[in-house]
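Visitor: I would like to learn how to read the inside of a protein model. Could you take me through one?

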Amino acid sequence: MGNWRGHLKTITAHKLLVMKYCFQLGLYRQGLAHDLSKYGPREFLVGAKYYQGDHSPNEAERLATGVSSAWLHHKGRNKHHLEYWIDYDPGQGFAMGGMKMPARYVAEMFCDRVAASRIYQGDRYTDASPWEYYAKSADHYLLHPETRALLERLLQMLRDQGEERTLAYIREDVLHPRDYRSRPRTPR
């Protein structure tokens, strides 16, 4: 069955890190539910079989078989993936396109990308890592323009201003702008 222990350790470390970030943003339900489908047999068994340790087993499955059954299952059940939001776009002559993602799922996608970069890169991780990974493939992503702009702004902010400032911005200005603006600010 491949390396089921390594796979379990990797997906659990990733899930816990995403959960930590989501909790910092006030996204408690999303943090708890993040990637639960990876623990089911349709995704877990394939992930264990193609476990690599330094990148997604979905890539290895895709190379070996031509398609990743685990990824097809995963992306259809997890709203933090941009691929979940691809549909026929009536505004583009019903060509395939990215639909606008709610901010809470863009925030979770950001957390997911940061956590994945941290887990797979280990000591080589920098705040620029998630942006660099995204930028390598950005030209072929089907994203709604507003979703793309928000995700890119967050990844660039992380790169340029760091994790603490970016998480505060997401919490205060992206997810809960009215909640935070109506409260008296405490000096920093």
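Predicted model: local features only at pLDDT ≥ 70, side-chain atom pairs only at ≥ 80, totals over all residues.

Visitor: Which residues have the most contacts inside the largest nonpolar core?

Guide: In soluble globular proteins, nonpolar side chains tend to be buried together. A nonpolar core here is a set of buried Ala, Val, Leu, Ile, Met, Phe, Trp, Tyr and Cys residues joined through side-chain atoms within 4.5 Å; buried means under 20% relative accessible area with a 1.4 Å probe, protein chains only. The largest one has 34 residues, and L25, F110, Y134, L154 and I170 have the most contacts inside it. At least two core residues come from each of α1 (4–24), α6 (103–121), α7 (129–137), α8 (145–161) and α9 (163–175), with α6 giving the most, 8 residues.

Visitor: What does α6 pack against?

Guide: Helices are DSSP runs (H or I, at least four residues), numbered from the N terminus. The buried residues of α6 pack against α1, α2 (28–33), α7, α8 and α9. Take F110: beyond its neighbours within four places in sequence, F110 is in contact (heavy atoms within 4.5 Å) with L154, L155, L158, T166, L167 and I170. Just after α6, G122 has a positive phi of about 55°.

Visitor: Is D35 buried or exposed?

Guide: D35 lies in the loop between α2 and α3 (41–49), and counts as buried because its relative accessibility is 2%. Its side chain makes a polar contact with that of H74 at 3.0 Å; such a contact is a pair of N or O atoms within 3.5 Å, where within protein one must be able to donate a hydrogen and the other to accept it, and residues adjacent in sequence count only if both atoms are side-chain atoms. Outside four places in sequence, the contacts of D35 include H14, H80 and D112.

Visitor: How many disulfides does the structure hold?

Guide: A disulfide is a covalent bond between the sulfur atoms of two cysteines; the cut-off used is a sulfur pair within 2.5 Å. The structure holds 0. The sulfur of C22 is 4.3 Å from its closest cysteine sulfur, in C111, so the two are too far apart for a bond. C22 counts as buried because its relative accessibility is 0%, and C111 likewise counts as buried at 0%.

How values were computed. Residues numbered from 1 in each chain as written. Heavy atoms only, no water. Buried < 20%, exposed > 50% of the residue type's maximum accessible area, 1.4 Å probe, protein only.
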